[in-house]
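Have the model open as you read.

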2 protein chains.
Amino acid sequence: MGSDENLEKIKIGILGCADVARKVSRAIKLSPNATVRAIGSRSGEKARRYAAENGFPAEARVYGSYEEVVEDGEVEAVYVPLPTSMHEKWAVAAAERGKHVLLEKPAAMDAAEVGRVVEACERNGVQFMDGTMWMHHPRTSRMRELMDDPDLFGHLKSVHVVYTFDAGTEFLKNNIRVKPDLDGLGVLGDIGWYCIRSILWAANYELPNRVLAIGDPVKHDAGTLLACGASLQWGDGKVATFHCSFLGNLAMDSTAVGTKGTLRVHDFVIPFEETSAAFTFGSNSRYNDLVTGWASPPVEHVVKNEVPQEVYMVKEFANLVGKVKDGGKPEKKWADICMVTQIVMDAVKESIDKGCEPVEIVSN
Amino acid sequence: MGSDENLEKIKIGILGCADVARKVSRAIKLSPNATVRAIGSRSGEKARRYAAENGFPAEARVYGSYEEVVEDGEVEAVYVPLPTSMHEKWAVAAAERGKHVLLEKPAAMDAAEVGRVVEACERNGVQFMDGTMWMHHPRTSRMRELMDDPDLFGHLKSVHVVYTFDAGTEFLKNNIRVKPDLDGLGVLGDIGWYCIRSILWAANYELPNRVLAIGDPVKHDAGTLLACGASLQWGDGKVATFHCSFLGNLAMDSTAVGTKGTLRVHDFVIPFEETSAAFTFGSNSRYNDLVTGWASPPVEHVVKNEVPQEVYMVKEFANLVGKVKDGGKPEKKWADICMVTQIVMDAVKESIDKGCEPVEIVSN
């Protein structure tokens with residue numbers, strides 16, 4: 001964080017007692033510029049238990065509704081880990097009351113909803129950011145530097161991403177991520193989000209022209225997606241593929257191939273370790289003369305991190321909020337990145353719904 | 001190699017002075033059960049130079065034609081690294097003269113040609129094997145053991161393979177691998193072959209039901225493929241993707257996801273080093289409690305090899321030939337594996353030719 005870091009602690013209200021909020025609560029505690037001001041749940045009892053279990057500060061308010069959090073005059077920003085179908089309503093409600101918004105992924109059910117959230121944030125002059133934590137890991141900046149180097153990486157030709165985990169029987173029966181009325185995008189919204197973001201990150205957020213669902217999308221009896229994938233194409237010949245699934249062993253691999261370099265990560269969303277993260281990078285890679293080995297094999301890079309990646313996210317969000325409080329303008333890039341991710345996700349969903357027909361994306 | 005290894009040296013004739021034959025020549029020299037008996041080229045002068053540069057034994061014959069190699073009564077087996085369009089003619093010619101056949105990849109222009117080669121080998125009671133060297137590396141056997149373990153890997157759910165290399169301007173202008181009349185399958189035949197084989201290897205050679213070309217196939221002005229990819233589906237829900245290209249930095253990555261395990265290799269065709277090769281394997285992989293790291297990250301396995309992988313291939317081929325000479329039957333599995341690879345390649349080609357329409361594969 002730069003010298004412009006605002007060490008006044010931004011007071012954050014949390015909407016809902018989601019599992020993912022446990023690590024974000026910890027991250028808020030570990031951030032020098034943020035604190036938990038309130039938590040709200042439909043059950044006050046549940047919220048109290050959650051506050052105790054997660055070591056919330058004594059002054060944190062505990063509410064039996066989301067409404068009370070967004071109405072709390074002391075709350076400056078909200079973190080929204082609610083089921084996806086509730087994102088738009090509560091993110092807009094918070095923005096309308098002048099609260100900055102840190103919104104869990106997937107941002108919304110579709111790009112129209114994201115548009116209304118972003119518009120509410122802009123109209124009310126509040127900061128928006130989605131909860132894609134790996135974006136804030138120092139490893140990500142280091143990878144970006146290498147990929148931006150025309151001599152080391154050249155220009156991007158293809159990206160291939162896989163994210164799978166074995167959700168298990170209980171999850172597949174009862175988890176909200178398979179409930180059509182709560183997280184209606186299923187695996188595509190849950191971990192497909194990360195695959196799409198990772199591809200767009202590699203492509204500097206340039207929207208593809210065309211998206212095609214591939215493989216054999218697997219659906220829950222209730223209709224939500226359990227496994228799916230897609231191929232993406234850009235006008236300049238770049239291509240990408242991803243596959244996401246609740247039905248395979250845990251894996252999160254990304255390979256990006258440039259004209260001169262190759263980047264590989266095997267834990268792009270959740271690094272294996274909390275204190276450092278690795279990737280391999282190859283540049284101007286060549287076979288040896290007999291083609292029995294590599295003259296220049298890729299090199300492993302290890303990036304140490306002082307705090308877990310979600311702390312970097314909270315610090316950055318609170319830092320941007322602090323700047324707005326100091327009279328600055330909200331940083332627009334996080335809304336833009338969120339929107340292109342959701343647009344691609346919508347196109348994948350549309351392609352699946354149309355029986356794996358290609359879907360064209362028309363840029364505005 | 002087992003105790004049944006036949007140490008009588010099988011006398012091999014090489015058809016053509018291809019680049020790839022340099023390492024296979026070396027492998028024949030390094031194999032205890034094989035020797036170079038002859039080399040033939042359209043130019044006797046070129047063959048002589050090649051024999052000298054590659055340290056062929058003094059007794060090796062040098063011919064100014066392929067015909068003379070297959071007519072040489074001392075030649076027991078041929079290695080055929082000719083351009084793909086010449087494979088059928090010369091493999092069949094060799095088989096008809098009772099010579100065993102080690103055929104470079106891609107085996108042929110299509111499965112019908114492979115069928116005629118295999119039929120000629122069967123009719124003449126000679127051994128057939130294609131030149132897919134990585135199949136013979138001890139790493140491959142070790143990976144197979146792990147993937148065959150139902151507790152460690154479960155059953156296969158998806159495979160994702162990328163093989164790219166930066167062929168460069170000179171290659172793209174003049175290399176036979178972009179000439180329609182010589183290697184008409186372009187990048188698909190050259191390195192797509194390995195992608196398809198790697199997928200089929202992971203799937204225990206079960207043919208997919210459906211193949212769909214994806215991405216945006218790139219073609220040479222002459223019409224040969226320079227970059228392409230495909231998605232494969234099986235009836236049981238397994239899926240696979242691959243991407244191959246002459247236009248990106250060198251990369252050869254494969255990720256196979258099972259219900260319980262994950263396998264990753266980054267140098268599946270040409271190991272980084274000649275003396276050992278690594279892969280990572282994860283089993284029953286889980287996040288930690290807060291989902292801020294992995295409770296059980298994948299483990300790197302390193303497999304040492306006594307000789308380069310192509311030596312294992314030559315030894316295995318010569319060993320099988322030795323068994324036939326001792327009255328045994330040719331080993332059929334290599335022909336079967338070659339045929340399924342070519343069938344899938346044909347389907348990918350057909351899908352590309354049809355503008356990326358899906359192609360069904362009907363098993364016999």
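Predicted model: local features only at pLDDT ≥ 70, side-chain atom pairs only at ≥ 80, totals over all residues.

Helix α2 of chain B spans residues 44-53 and lies across β2 (34-40) and β3. Its direction makes an angle of about 150 degrees with β3(B). Now find helix α4 of chain B, residues 87-96.

In chain B, 6 strands make up an open sheet. Read across, the order is β3-β2-β1-β4-β5-β6, and the pairing is parallel. The edges of the sheet in chain B are β3 (61-63) and β6 (128-130). Each has a single partner strand, so one side of each has no neighbour in the sheet. From one strand to the next, the twist averages 25 degrees.

Look inside the sheet at one pair. Strand β1 of chain B covers residues 10-15, and strand β4 of chain B covers residues 77-80. The two run parallel and are joined by 3 bridges. Which residue of β4(B) stands opposite B:Ile14? That residue is B:Tyr79.

Turn to chain A for an annotated region. An unreviewed UniProt entry annotates residues 142-264 of chain A as "domain: GFO/IDH/MocA-like oxidoreductase". Over residues 142-264, chain A is 24% helix and 43% strand. The end C-alpha atoms of this stretch of chain A are 13 Å apart.

Now take both chains together. How is chain B placed relative to chain A? A rotation of 180 degrees, with 0.0 Å of shift along its axis, superposes chain B on chain A with an RMSD of 0.0 Å. This is the relation of a two-fold axis. The same surface serves both copies, as 100% of the contact residues of chain B recur in chain A.

The contact itself draws on 58 residues from chain B and 59 residues from chain A. Interface size is often given as the accessible area lost when the parts come together. Between chain B and chain A, the buried area is about 4,900 Å². Carbon and sulfur atoms give 58% of that area. Charged pairs also cross the interface of chain B and chain A, with 4 salt bridges found. For one salt bridge, go to B:Asp289 and its partner A:Arg22. Their closest N and O atoms are 3.2 Å apart.

Note on methods: Residues numbered from 1 in each chain as written. Chains lettered and ligands numbered in written order. Heavy atoms only, no water. Pairing = 2+ DSSP bridges. Helix = DSSP H or I, 4+ residues; strand = E, 2+ residues; numbered from the N terminus. Axes fitted to C-alpha atoms, helices over the stretch in contact; angles between N-to-C directions. Contact = heavy atoms within 4.5 Å. UniProt positions renumbered as here; feature names shortened; annotations may be inferred. Least-squares fit on C-alpha atoms with pLDDT ≥ 70 in both. Buried area = accessible area lost by both parts, 1.4 Å probe. Salt bridge = Lys/Arg side-chain N within 4 Å of Asp/Glu carboxyl O.
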